[in-house]
Amino acid sequence: MPDHRTAASVVHSLRELLELGALDLPQPGQGSTAVRWEALAALGRRDLALARLAEGHVDAVAILREAGEDVLPGLHGVWASKAGGTGAVLKNGALTGTTRFCSGAHGLDRALVVAAREDGDVLVDVDLTDPRVLRDGDSWRAIGMDASDSADVTFDGVPATRVVGPAGFYTGRPGFLWGGGGVAAVWHGGSAGLVERLVRHLRSSARVDEHRLAHLGALHTALRGTAALLRATADGIDARPDADPAIAVHALRASAERTAWTVMDLLPRATGPGPLSWDRGFAQALADLQLYVRQHHAERDLAELGRLVLEARRADGDRVAGGAGGGATGAAATPGDGGIAAAGGSPSQVDGVGQERAWARA
C-alpha cells in the first residue's frame, strides 16, 4: 500500500485481491483455521485498513456458507454495530435506521446488516447499490484507520429481500466466536508489521544501544506469545469444532490486544521521534493499530473472560463433588486452552461456559 493511501486505493487493492483469489480462504472450523488466520495476519502486517475490509469480506462469506446461502459476486462486509443506541431495524419487510462504523461504506458491493426485528436480531443481505442506502461521509473523521471508510449508514426503507438465518443466528452460531479469533489475527499482523518497521529502522541506524535492544527483545517476546496462542487456538477449534471456544478466543483476543499496546508503548521509545515524523507510513500504521484494537473492550472483555473461567472452574468442582468424574478427567477441553497438570499427572481441562457478548465491529 502507498504511504498516502486513500479509501479508494484501499478498495482498489481489495478488488485486486478478490480477482486473484487471495480472499478465498478456508472456512473456519474445518481443519485449516490456522491457514485462514495466518492469511489475515499477513494482510494486517501489510496494511490494517486493507485488512479490516478483507476480514469483513471473508467473514461475510463464512457466515453465508454457514447459513447454507449462496455467495453473490462482489465485495462483502458485515455491519453489526449498535453503538450509542443506533442500529438498523427490520419492520414490514424493510430496513430503516442508522448503523455506525460501516467499514467500506462507499466501496463495498454488499453487506450483511444486523437488524432488530420483533423476534430478535437478524442478518439482512443488502445490495449497497440501492439508492435508499445513504452514507454520511462526514461521520468518519479518524486519523487512524482513515482509509477504512467506516461511515454511518442510514437505511431509508431498503427492502429486505434476503434474510440470512433465523433470529439470533449471527451471534448464536459457532462461527461467531471463530470470527472473533480472525479479528485478533489481524491485530496481531498489525503489531508484527510495526515491529518489522522497527527492525528495518534499527538495522539502518548508526548506533543501537542496549535500551533499544531491550525494547526490541520485549516486543519480539510479546509477538511470539500471541503467535503461539493463535496457532494453539486455531488447532483446538479444528480438533473440536463442536466445543465451546469462548475461553480460548477471549484469551486470544486479550493477548493480541495486550501485545498491540506493548507495541504502541515500546516502539516509539525504541525509535525516538524521527521515523514518526518523517515516515508517513510508520506513523499511520501506529495510529491505525491504536484505533483498530479498540474493538476489544479492555477491562470489560477481561472481566467477561474472568467470569467464564470462574464458572468453568465451579462447574469442574461440581462434577468432582457429584462423583461425575470431574477434576482431572471429567471436564472437556476448551479449544486452544492449555491443560494444567493435576496431582496424578493428567491434564485438568475446562469448558468455556456462559453467554458470550457480541463484539462491536468497527
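This is a predicted model: local features need pLDDT of at least 70, side-chain atom pairs count only at pLDDT 80 or more; totals for chains, interfaces and linings use all residues.
1. Overall make-up. The protein chain contains 10 helices and 10 strands. Of its 362 residues, 48% count as buried. The chain exposes about 15700 Å², and carbon and sulfur atoms supply 53% of that area.

2. Contacts along the chain. Among contacts in the protein chain with a separation of 6 or more, 73% come from residues 24 or more positions apart.

3. Packing of H5 and H6. Two packed helices are described by the angle between their axes and the distance between the axes. For helix H5 (residues 175–203) and helix H6 (residues 210–239), the angle is about 155° and the axes lie 10 Å apart. Angles over 145 degrees count as roughly antiparallel, and H5 and H6 are therefore roughly antiparallel to each other. The crossing of H5 past H6 is left-handed.

4. Residues between the two helices. On the H5 side, the contact is made by Trp178, Gly181, Ala185, His188, Ser191, Ala192, Val195, Leu198, Val199, His201 and Leu202. H6 contributes Arg212, Leu216, Leu219, Leu223, Thr226, Ala227, Leu230 and Ile237. By type, the residues of this contact of H5 with H6 comprise 13 nonpolar, 5 polar and 1 charged.

5. Gly56. This residue belongs to helix H3 (residues 48–66). Gly56 counts as buried because its relative accessibility is 4%, and the cut-off for buried is under 20%. Gly56 and Leu112 are 56 residues apart along the chain, and their C-alpha atoms are separated by 9.6 Å.

Key:
Residues are numbered from 1 along each chain as its sequence is written. Side-chain values use heavy atoms; hydrogens and water are left out. Axes are lines fitted to C-alpha atoms, for helices over the stretch in contact, and angles run from 0 to 180 degrees between N-to-C directions. Helices (H or I, at least four residues) and strands (E, at least two) are DSSP runs, numbered from the N terminus. Angles under 35 degrees count as roughly parallel, over 145 as roughly antiparallel, 65 to 115 as roughly perpendicular and the rest as oblique. A crossing is left-handed if the near helix is turned anticlockwise from the far one by less than a right angle, and right-handed if clockwise. Contact means heavy atoms within 4.5 Å. Ala, Val, Leu, Ile, Met, Phe, Trp, Tyr, Cys and Pro count as nonpolar, Asp, Glu, Lys and Arg as charged, and the others, Gly among them, as polar. Buried means under 20% relative accessible area, exposed over 50%, partly exposed in between (1.4 Å probe, protein chains only). Accessible areas come from the Shrake-Rupley method with a 1.4 Å probe; for residues, only the protein chains shown count as cover.
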